[in-house]
Amino acid sequence: MPELPEVETTRRGLAPHVEGRRIQAVTLRRPDLRWPIPPEVARDLPGQRIQAVRRRAKYLLMDTEAGSALLHLGMSGSLRVLPATTPVTAHDHVDIALAGERGGAGRVLRFNDPRRFGCLLWQAPGQIHPLLQGLGPEPLSDGFDGDYLFAMSRGRKAPVKTFLMDQAVVVGVGNIYAAESLFRAGISPLRRAAGKVSRERYAALADAVKAILAYAITRGGTTLRDFLSPDGAPGYFEQELSAYGRGGESCPRCGRPMKQALVGQRTTVWCGYCQR
């Protein structure tokens, strides 16, 4: 499933092409994706101008005066800005037609999702959608640091990796980037009781999360099987992973074999020597 860097890469790719454009029409080729598509999407979006494309956690919000379209890419979804004459292919479930500049040919924002685990929902003005309520801070924000992690972890008995992936603690740190951040910080994902990790180690972990995510964004995110950025170019960070998916391979630091196990029902890879 695309993680925060993939979603941020998508947002940055879309924004210059859709912000400020007026929506001419919305075409829904099916009434639902993961959940039913609310009627407001097709009823209220046409005629609106797109004010901004934002990201919250792994969700994209396309803001207009009438409200915001809330999108999630799921496991296989993609958003692309295409010429309006581009033929529709299988799994092209939603088209948002955009007016052209100075009378030029318009384009279409197309949502393709073969597995239909993504979603297209609606957030009314002044409201916060239930999916976005109760979320922790953004990991690249000033509100996320070692002191914050230390305070949130007190009394927590879950393993530190499970704690880090809790969206109520911090958003957008999924399995890949949790593994990479813990490796960079030298913390074992098997450490029981996140509440017993020191403030100093949480400072190192917060710095690692910020550095890993920021770098992944500059490199286009992590290419998973179905993910491509809006311009059709794959991300490149997968080629540089230090821990995730490298069970049994040599540790890039010490050369010892990387270990692999399930933590919170997720595959976890770490170095038993470098991570304590």
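Five bridges join strand E2 to strand E3 (residues 59-64), and the two strands run antiparallel. This pairing belongs to a predicted model, whose protein chain is divided into domain 1 (4-132) and domain 2 (146-271). The C-alpha centres of domain 1 and domain 2 lie 30 Å apart. The points below treat the sheets, the helix that crosses them, the nonpolar cores and the annotated residues.

**The sheet that contains E2 and E3**

- Strands E2, E3, E4 and E8 form an open sheet, in the order E2-E3-E4-E8, with antiparallel pairing.
- Strand E2 (52-56) and strand E8 (119-123) stand at the edges of this sheet; each has a single partner strand, so one side of each is left without a neighbour in the sheet.
- From one strand to the next, the twist of this sheet averages 25°.
- A hairpin is formed by E3 and E4, with two residues between them.
- Across this second pairing, Asp63 stands opposite Ser68 in E4.
- Ser68 in turn has a bridge partner in E8, namely Gln123.
- The pairing of E4 and E8 is antiparallel and extends over five bridges.
- Why can strand E4 (residues 67-72) be described as largely enclosed by the rest of the structure? A residue counts as buried when its relative accessible area is under 20%; six of the six residues of E4 are buried, so the strand is largely enclosed.

**The sheet that contains E1 and E6**

- Another open sheet of four strands has the order E1-E6-E7-E5, and its pairing is antiparallel.
- Its edge strands are strand E1 (23-28) and strand E5 (78-83), each of which pairs on one side only.
- The twist in this sheet averages 20° from one strand to the next.
- Five bridges connect E1 with strand E6 (residues 92-98) in the antiparallel sense.
- Val26 has Ile96 in E6 as its bridge partner.

- Helix H1 (residues 4-18) lies across E2 and E3, and it runs at about 175° to E2.
- H1 also lies across E5, E6 and E7, where it runs at about 30° to E5.

**The nonpolar cores**

- In soluble globular proteins, nonpolar side chains tend to be buried together.
- Which residues touch the most other members of the largest nonpolar core? They are Leu149, Tyr202 and Leu205, in a core of 28 residues.
- Helix H3 (146-153), helix H4 (160-164), helix H5 (175-185) and helix H6 (199-218) are the elements that give two or more residues to this core.
- H6 provides the largest share of this core, with eight residues.
- Apart from this core lies another, of 25 residues, which includes Val41, Leu71, Phe111 and Trp122.
- When its neighbours within four places in sequence are left aside, Leu149 is in contact with Phe144, Phe163, Val169, Tyr202, Leu205 and Ala206.

**Residues annotated in UniProt**

- In an unreviewed UniProt entry, the annotation "binding site" covers His91, Arg115 and Arg156.
- These residues span 66 residues in sequence, and the farthest two C-alpha atoms are 42.6 Å apart, so the residues do not all gather at one spot.
- Where does Arg115 lie? Arg115 is found in the loop between strand E7 (107-112) and E8.
- Arg115 has a relative accessibility of 31% and therefore counts as partly exposed.
- Arg156 has its place in the loop between H3 and H4.
- With a relative accessible area of 29%, Arg156 is likewise partly exposed.
- Not counting residues up to four places away in sequence, Arg156 touches Phe163, Asp166, Val169, Ala193, Ala194 and Gly195.

Key: Residues are numbered from 1 along each chain as its sequence is written. This is a predicted model: local features need pLDDT of at least 70, side-chain atom pairs count only at pLDDT 80 or more; totals for chains, interfaces and linings use all residues. Side-chain values use heavy atoms; hydrogens and water are left out. Two strands pair if DSSP finds at least two bridges between them. Axes are lines fitted to C-alpha atoms, for helices over the stretch in contact, and angles run from 0 to 180 degrees between N-to-C directions. Contact means heavy atoms within 4.5 Å. Domain bounds come from an automatic or database domain assignment. A nonpolar core is a set of buried Ala, Val, Leu, Ile, Met, Phe, Trp, Tyr and Cys residues joined through side-chain atoms within 4.5 Å. Buried means under 20% relative accessible area, exposed over 50%, partly exposed in between (1.4 Å probe, protein chains only). UniProt positions are given in the numbering used here, feature names are shortened, and annotations may be inferred rather than shown by experiment.
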